[in-house]
Amino acid sequence: MTTIDPKLAQKQAAAKAALAYIEDGMVLGVGTGSTVNCLIELLPQVQLKGAVASSQVTEDKLKALGIEIYDLNSVGQLDLYIDGADEIDGAGNMIKGGGGALTREKIVAAASSQFVCMVDDSKIVSQLGKFPVAIEVLPQARSYVARELVKMGGEPVYREGFVTDYGNLILDTYELDVSNPAKLEQEINNIVGVVCNGIFAAQSASVMLKASDAGVETVKF
């Protein structure tokens with residue numbers, strides 16, 4: 001008898017619930033990560049016109065299913081973006097970027113009218129910040145940005161051996177005070193050399209699909 005990992009079962013349940021938000025003929029914004037992978041496996045059940053991918057990894061998975069990939073510049077505003085999160089609070093603010101796709105994810109989220117976030121119950125927090133904030137930086141600026149983050153109370157760690165889809169580097173930054181996510185998101189973005197950071201407050205979730213052993217709860221923000 002095969003035993004399914006409980007967390008995987010929760011991710012699959014959240015992904016199944018997300019299908020209800022997808023309309024036939026839609027160009028769907030598709031996120032990146034393990035929960036999104038569960039959603040991608042289900043997409044042949046709906047009649048998409050195509051998708052805008054938030055990473056090369058996601059794009060490759062969608063293409064393997066025969067789903068047409070659109071460049072965001074060619075489609076304009078999207079109706080829906082579906083993704084997961086590393087952390088999400090009670091207001092829909094998130095930390096994302098564990099997979100390193102934060103910049104593309106944030107661009108697609110910003111260009112979408114609705115952001116549906118799928119999470120298992122381990123991702124729910126009262127305050128963001130236990131999970132490190134991923135910060136994408138231009139290679140030349142890595143050391144400078146790291147010093148500025150230290151001044152802000154952070155402990156940046158260079159993600160060695162990883163390069164983003166845009167050819168940049170990641171500083172995973174611990175110990176930041178994320179009690180005001182929108183303020184910190186902007187302050188980090190103001191550091192010269194920062195491309196993007198993994199706090200999603202300006203692009204917070206519209207809907208959270210929260211999966212637990214009891215089922216999937218829908219929370220609207």
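Guide: What follows covers the domains first, then the chain around them. Keep in mind that this is a predicted model.

Start with the division. The domain assignment gives domain 1 as 7–125 + 202–220. Domain 2 covers 133–198. Domain 1 is therefore written in two segments, because the assignment lists 7–125 and 202–220 together. The C-alpha centres of domain 1 and domain 2 lie 24 Å apart. Their contact takes 18 residues from domain 1 and 15 residues from domain 2.

Now set the pair within the chain. The secondary structure comes to 7 helices and 13 strands. Among contacts between residues at least 6 apart in sequence, 69% join residues at least 24 apart.

Next, overall dimensions. The C-alpha trace spans about 50 × 40 × 35 Å along its principal axes. The radius of gyration is 17 Å. A compact globule of 221 residues would have a value near 17 Å, so the chain agrees with that expectation.

Then burial and surface. Of the 221 residues, 50% count as buried. Here buried means under 20% relative accessible area. The chain exposes about 10400 Å². Carbon and sulfur atoms supply 48% of that area.

Last, charge. The chain carries 18 positive and 28 negative side chains. The centres of the two sets lie 1 Å apart.

To return to your request: domain 1 and domain 2 have C-alpha centres 24 Å apart, and 18 residues of domain 1 and 15 residues of domain 2 take part in their contact.

Key
Residues numbered from 1 in each chain as written. Predicted model: local features only at pLDDT ≥ 70, side-chain atom pairs only at ≥ 80, totals over all residues. Heavy atoms only, no water. Helix = DSSP H or I, 4+ residues; strand = E, 2+ residues; numbered from the N terminus. Rg over C-alpha atoms; globule rule 2.2 N^0.38 Å. Buried < 20%, exposed > 50% of the residue type's maximum accessible area, 1.4 Å probe, protein only. Contact = heavy atoms within 4.5 Å. Areas by Shrake-Rupley, 256 points an atom, 1.4 Å probe, with all protein chains shown as cover. Lys, Arg positive; Asp, Glu negative; His and termini not counted. Charge placed at Lys NZ, Arg CZ, Asp CG, Glu CD.
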